[in-house]
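Hi everyone, thanks for making time this morning. I'd like to walk you through one model, moving from a single residue out to the packing around it.

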Amino acid sequence: MGRIVSTAPSHIVTRYMRGRCWEMAAELSRKTGMELWGLRGGDGLIHHAFVADPEQDLAIDIRGAMRMSEVAKGCVPGEPEPIAMPEIIRLVGVLELADLREARAAIRDHLHG
């Protein structure tokens, strides 16, 4: 997979960095086949979800592709770890179809590579 660059305007980045990362990560996983990952904060909760391939030192969220060590920038500090959809559902409930469609459109419109 090539380098993925984001052209998302700041309001879209904010949406998927502050509360809608779950839908973005789920759709990125579906599209790329990459594993779901999250940043677990000191409180034990997952504060940000994304997809990653740690063997290639690659993480992707609405900001585009980055090294695993860079994914926490701009987030609540946390350690990256693989997560599963059941944990996301436990945290935020079942992901709504309309929100998943919106994330899919954001990927189509703003993530290129």
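**Starting from histidine 110**

Let's begin with histidine 110: setting aside neighbours within four places in sequence, its contacts are Val5, Ser6, Thr7, Ala8, Pro9 and Ile12. Before I go on, please keep in mind that this is a predicted model. Histidine 110 sits in helix H4. Is histidine 110 buried or exposed? Its relative accessible area is 16%, and since buried means under 20%, histidine 110 counts as buried.

As a reminder, a packed pair is described by the angle between the two axes and the distance between them. Here, helix H1, residues 10-17, packs with helix H4, residues 97-110, at an angle of about 135°, and their axes are 12 Å apart. That angle makes H1 oblique to H4. The crossing of H1 past H4 is left-handed. Which residues meet there? From H1 we have Ile12, Arg15 and Tyr16, and from H4 they meet Glu102, Ala103, Ala106 and our friend His110. By type, the residues of this contact are four nonpolar, one polar and two charged.

In soluble globular proteins, nonpolar side chains tend to be buried together. In this model the largest nonpolar core has 37 residues, and Phe50, Ile60 and Ile62 are the ones with the most contacts inside it. Who supplies it? At least two residues each come from H1, helix H2 (21-32), strand S2 (35-40), strand S3 (46-53), strand S4 (58-61), strand S5 (64-66) and H4. H2 gives the largest share of this core, six residues.

One last stop: valine 76, in the loop between S5 and strand S6 (79-82). With a relative accessibility of 42%, valine 76 counts as partly exposed. What does valine 76 touch, not counting residues up to four places away in sequence? The answer is Leu39 and His47. Finally, valine 76 and alanine 49 are 27 residues apart along the chain, and their C-alpha atoms are separated by 11 Å.

That's my tour, and I'm happy to take questions.

Technical notes. Residues are numbered from 1 along each chain as its sequence is written. This is a predicted model: local features need pLDDT of at least 70, side-chain atom pairs count only at pLDDT 80 or more; totals for chains, interfaces and linings use all residues. Side-chain values use heavy atoms; hydrogens and water are left out. Axes are lines fitted to C-alpha atoms, for helices over the stretch in contact, and angles run from 0 to 180 degrees between N-to-C directions. Helices (H or I, at least four residues) and strands (E, at least two) are DSSP runs, numbered from the N terminus. Angles under 35 degrees count as roughly parallel, over 145 as roughly antiparallel, 65 to 115 as roughly perpendicular and the rest as oblique. A crossing is left-handed if the near helix is turned anticlockwise from the far one by less than a right angle, and right-handed if clockwise. Contact means heavy atoms within 4.5 Å. Ala, Val, Leu, Ile, Met, Phe, Trp, Tyr, Cys and Pro count as nonpolar, Asp, Glu, Lys and Arg as charged, and the others, Gly among them, as polar. A nonpolar core is a set of buried Ala, Val, Leu, Ile, Met, Phe, Trp, Tyr and Cys residues joined through side-chain atoms within 4.5 Å. Buried means under 20% relative accessible area, exposed over 50%, partly exposed in between (1.4 Å probe, protein chains only).
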